[in-house]
Amino acid sequence: MAHLRVPMIVSLAVLLAAAGCTATEPTGAGAGQPPDGTGAGTLAPPGPAAGQRESPVVGLSRSGPDGPPGPGPGEYQVRYGWAVPSQTVVIRNDVRPPVAPRPAPPLPYLVEIEATDHADTDPAYSRISFVFRSGFPSYEVGYQPRIVFDGTGEPVDLAGDCFLQIRFVSAQAHDAYGRMSVQRSPGPQLRLGSLRGYGFAGDYEGRVTYGLGLDPAGGPDQPPPVRVAEVGVGNRFIVAVDVRY
């Protein structure tokens, strides 16, 4: 995988971007592409909640594996409720490397991506889940005018005309030998409600970045509300990103 390096421990930067799909462009470094596969989500969503445009959620924290517990086994914990983020949302989890003994990677590492449709719920939404081992990373979620590969600045090929970026911090998507750690994932074209696809945008120095391509019903000037939640099942630490129809 191109531009892959052993992760360095970096501090979490709070990235502020403008509202909607006209936010400032992302910054970073690295590039690569995970293998294709198939996947299915397993989370049970909580009751519906209405969402409006909101400011960033900054400073939320929950201790990692060595501290007080976060979600209990199978417990679904919403970290960002239904809203259209006016700026990049920053959600912090306390990651204290090494999070697991060798030969496991020193940081939470991505092993699966799952995508499901929830057209029969109220509200209807699509979900893409990122499954980590060894703990929850911190992460940043926000709309961007486009998604580019970290470091190279090359555009990521995404369907749709509105783009949501998810950047995991204190995380990695490769093993100690530099091999991609994602073992299971759907193809890049999803076509689930307003969620049209996703793309890998970097794995570099403790940051793993993905972009979602959306086709909002109201057009690119009306990006859909999103919700972000976590659930831990055994050694599966799942970050679920929901996108309204």
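Are Phe132 and Phe168 buried or exposed? Phe132 is buried, as is Phe168, where buried denotes under 20% relative accessible area, exposed over 50% and partly exposed the range in between, with a 1.4 Å probe and protein chains only. The model is predicted, so that local features require pLDDT of at least 70 and side-chain atom pairs count only at pLDDT 80 or more, whereas totals for chains, interfaces and linings use all residues. Residues are numbered from 1 along each chain as its sequence is written, and side-chain values use heavy atoms, with hydrogens and water left out.

Eight aromatic pairs are present in the structure. Rings of Phe, Tyr and Trp (its six-membered ring) pair if their centres lie within 6.5 Å; planes under 30 degrees apart count as stacked, over 60 as edge-to-face and the rest as tilted. Phe132 and Phe168 form an edge-to-face pair, at 4.9 Å centre to centre and with 65 degrees between the planes. This pair links distant parts of the chain, with Phe132 in strand β5 (residues 125-133) and Phe168 in strand β7 (residues 162-169), 36 residues apart. Strands are DSSP runs (E, at least two residues), numbered from the N terminus. The pair of Phe136 and Phe237 is likewise edge-to-face, because the ring centres are 5.2 Å apart and the planes lie at 85 degrees. Both Phe136 and Phe237 are buried. Ring pairs also link Phe130, Phe132, Tyr139, Phe168, Tyr198, Phe200 and Tyr210 into a cluster.

Beyond its neighbours within four places in sequence, Phe168 is in contact (heavy atoms within 4.5 Å) with residues including Phe130, Phe132, Pro137, Tyr139 and Val239.

Two arginines are placed over aromatic rings, a charge being over a ring if NZ of Lys or CZ of Arg is within 6 Å of the ring centre and within 35 degrees of the ring normal. Arg227 lies over the face of Tyr125, at 5.0 Å from the ring centre, and Arg244 lies over that of Trp82, at 5.4 Å.

Notes:
Helix = DSSP H or I, 4+ residues; strand = E, 2+ residues; numbered from the N terminus.
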